[in-house]
Amino acid sequence: MTLADQLRARIDTSGPLRLDAWMAACNRAFYGGADPLGRDFTTAPEISQMFGEMIGGWIGDLWLRAGAPAFDLVELGPGRGTLLADALRVLRRLPGFAAAVRVQLVETSDVLRDAQAARLANWPVQWHADLAELPGDRPLILIANEFFDALPIRQRKEGHERHVGLADDAFVPVWRVSPGPDAEWSEASTAIMAGLAARLERQGGAALIIDYGHDGGSNGDTLQALKGGARACPFADPGAHDLTAHVDFGALAAAAQGLACHGPVGQGAFLAELGIAARAAALKSGKPPAQAATITAALHRLTAPQQMGAIFRVAAVTAPGWPAPAGFGMAAA
Ligand code: SAH
């Protein structure tokens, strides 16, 4: 039975599916299928090694200033494992780092777990399906790049909540009565953030969240589907494309009770403060012009405001007693 058949049967039996249930079912199938990265969308770590290297510098700086404790390096939704592979190549040069770190990956897709295992073959890696499975005996430094945007959302407009129903055999949006203000919100995201905050408060550590989104207060419709880099209809072909929504950083900060919040700032400002321009110059030096031009183009794509520099936001939360992280000094952007 295809996913479409299963969803049709569910709707026939129990009526229209709420948007978050639809999105969860579609994305589980999408990420569980063939490796979607590069085919349907490209993420920052896949654009250039510089991205993961900058995050590696961020992690190393924080870890050292926290007193270089034994800790868990956690990534939520690590994709192909590229970010951590690039970060760990930088981090491994720090004295004592390799002995202090355990790598914990939260990933539901078996296909992507295989890709991660291949990339991180030299590191002590453990996989988990859920944040709740992480060990509780050490501080953690957690990274989530383009993770929260894939989590299910709900939408309400003019006293009606968005569902997905059937017209003949086609999936169509259906709005059902539901009193309340106009809103787009993600209970899955705030639940994960609240669980993470409780854990950080107990165990110590920090989390770095990078995603396209807004700082709160927006109630527009940001649901989108991408197929082969182009926009597709979120209600056609369930499981064939990635469903995402803009991340509400204000809601995440509100869920991070007991922690210090830093940012959000634009990804461009964050990477600039971590020194990405110097890294690009070093990588370009002595390279043939075509290769140097590729590095310049990647730098532009990651940092320019009209590219990923402004719409992608970066925020961090830190546990009580942990130092303030690097990268949040230029709050203006
Ligand atoms: N961080 C990577 C990949 C982003 S794509 C990068 O920047 O390249 C989203 C990732 O989150 C994929 O690895 C996907 O399989 C994973 N994912 C999506 N929903 C998830 C969930 N509910 N629990 C755990 N992982 C999830």
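These questions and answers cover the ligand site and some paired strands in a predicted model.

Me: Which residues come nearest to the ligand?
Reply: The ligand sits in the largest pocket. Around the ligand there are 17 residues. Those that come nearest are Thr43, Gly77, Gly79, Glu107 and Asn145.

Me: How far is a polar side-chain atom of Thr43 from an oxygen atom of the ligand?
Reply: Polar contacts here are N or O pairs within 3.5 Å. Asn145 has such a side-chain atom 2.7 Å from a ligand oxygen. Gly77 uses a polar backbone atom, 2.7 Å from a ligand nitrogen. For the side chain of Thr43 and a ligand oxygen, the distance is 2.5 Å.

Me: How many residues in the shell around the ligand are charged?
Reply: Sort the shell by class. Eight residues are nonpolar and six are polar. The number of charged residues is three.

Me: Over how many bridges do strand 7 and strand 8 pair?
Reply: Strand 7 covers residues 160-167, and strand 8 covers residues 170-177.

Me: Which residue takes a positive phi in the hairpin of strand 7 and strand 8?
Reply: This hairpin has two residues between its strands. The phi is near 55°. The residue is Asp168.

Me: In strand 7, which residue is the bridge partner of Arg18?
Reply: Strand 1 spans residues 17-18. It pairs with strand 7 in the antiparallel sense, over two bridges. In strand 7, the partner of Arg18 is His163.

Notes: Residues numbered from 1 in each chain as written. Predicted model: local features only at pLDDT ≥ 70, side-chain atom pairs only at ≥ 80, totals over all residues. Heavy atoms only, no water. Near = heavy atom within 4 Å. Polar contact = N/O pair within 3.5 Å; in protein donor to acceptor, adjacent residues only side chain to side chain. 1 Å grid on protein atoms, 1.4 Å probe; cavity = no way out; pocket = protein on both sides within 12 Å on 5 of 7 lines; lining within 4 Å. Sits in = over half its atoms within 2 Å of the grid points. Nonpolar A, V, L, I, M, F, W, Y, C, P; charged D, E, K, R; others polar. Pairing = 2+ DSSP bridges. Helix = DSSP H or I, 4+ residues; strand = E, 2+ residues; numbered from the N terminus.
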